[in-house]
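Please walk me through this model, from a helix to the metal site and then to the charged side chains.

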Amino acid sequence: MRTLIISDIHANLVALETVLEHAGEVDAVWCLGDVVGYGPNPNECIELLKEQPNMVSIMGNHDAAAIDELELNTFNPEARRSIEWMREILKAESYEFLGSRPRQLVMEGVTLVHGSPRQPIYEYLLDTRAATENFEYFTTDFCFIGHTHLPVLFYMEPGDYLAGLTIPPIQQKTRLKPRAIINPGSVGQPRDRDPRAAYALFDTTEQTWHYKRVEYEITTTQERMQKAGLPERHILRLEGGW
Ligand code: ZN
């Protein structure tokens, strides 16, 4: 099964459309959370996502913030401002979609979470020590995560005491070896200084990971953000990839 793995769309419709087109026909779409937040088109992103074949989407911290007042305290003032803007324009169907997202799923023997297996919504998995600890919190061979917006593959083979870290080569298929925690990077707000949208294609039979990057019309998204009055820093970071 050819599965599109995406994460952290962040209401960037242009980036999402570009990724969907670039990926071509797929059998399923697994989204690792944060469909909304930061960007100008939360409703449209949710609508487009819902149209995708065999689509599942996990609850991200921004998705949670859209629906729950308490979550807002965990964000900085700029992020809070854009969340408040989003809450005003979100349609009832969008709220319903966000509110019904699972925190964790197992699909075809793969665990899906936004943050980490240990803390599905909030933990940032950035280093090998945290990754090592997290291998104890899921039982499947593979776990796909988002949240950091950084494409990375943590691996731990039998007998290893510490997880290893690698960045899968772009535009190349990698055969996955058990066990691994993998992040496809971010569709709508990459933070690895490469502003191109990131995603991956996962073949559930061959167990291959095909990590990809694609350019999209960043200026269109920026113009829409400007129009919506969203924070300048969030507009600027898109072109720098930070
Ligand atoms: Zn995010």
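Which residues are buried in α1? The model is predicted, so local features need pLDDT of at least 70 and side-chain atom pairs count only at pLDDT 80 or more, while totals for chains, interfaces and linings use all residues. Residues are numbered from 1 along each chain as its sequence is written, and side-chain values use heavy atoms, with hydrogens and water left out.

In α1, the buried residues are L13, V14, A15, L16, V19, L20 and A23. Buried means under 20% relative accessible area, exposed means over 50%, and partly exposed lies in between, with a 1.4 Å probe and protein chains only. Helices (H or I, at least four residues) and strands (E, at least two) are DSSP runs, numbered from the N terminus. The cover over these buried residues includes β1, α2, β11, β12 (208–214) and α7 (218–228), where contact means heavy atoms within 4.5 Å. Just after α1, G24 has a positive phi of about 75°.

The zinc ion has four protein donors: D8 (OD), H10 (NE2), D34 (OD) and H149 (NE2), at 2.0 to 2.5 Å. Donors are N, O and S atoms within 2.8 Å of the metal (3.2 Å for Na, K and Ca); water is not among the atoms, so sites may look incomplete. Along the chain the donors have the spacing D-x1-H-x23-D-x114-H. H10, in the loop between β1 (2–6) and α1 (13–23), and D34, in the loop between β2 (28–31) and α2 (42–50), are 24 residues apart, and the pair links distant parts of the chain. Both H10 and D34 are buried. The angles among the 4 donor atoms run from 85 to 175°, and the site is irregular. Four donors count as tetrahedral if all angles lie between 85 and 135 degrees; four count as square planar and six as octahedral if opposite donors are over 155 degrees apart and all others between 65 and 115; anything else is irregular.

Turning to charge, the count comes to 8 salt bridges, each being a side-chain nitrogen of Lys or Arg within 4 Å of a carboxyl oxygen of Asp or Glu. In one of them, E133 pairs with R118, the closest N and O atoms being 2.7 Å apart. E133 lies in helix α6 (residues 128–134) and R118 in the loop between β5 (110–112) and α6, so this pair ties together parts 15 residues apart in sequence.

D192, D194, R196 and R213 are linked in a network of salt bridges. Within it, D192 and R213 have their closest N and O atoms 2.7 Å apart; D192 is in the loop between β10 and β11, R213 is in strand β12, and the two are 21 residues apart. R213 is buried, at 2% relative accessible area, whereas D192 is partly exposed at 28%. D194 and R196 meet at 2.9 Å, N to O.

R193 lies in the loop between β10 (180–183) and β11 (197–203). At 63% relative accessibility, R193 counts as exposed.

R101 is in the loop between α5 (92–99) and β4 (105–107). R101 is buried yet has no salt bridge, and the nearest side chain of opposite charge, D63, is 7.2 Å away. A polar atom of the R101 side chain lies 2.8 Å from the backbone oxygen of F97.

Definitions and conventions
Lys, Arg positive; Asp, Glu negative; His and termini not counted. Polar contact = N/O pair within 3.5 Å; in protein donor to acceptor, adjacent residues only side chain to side chain.
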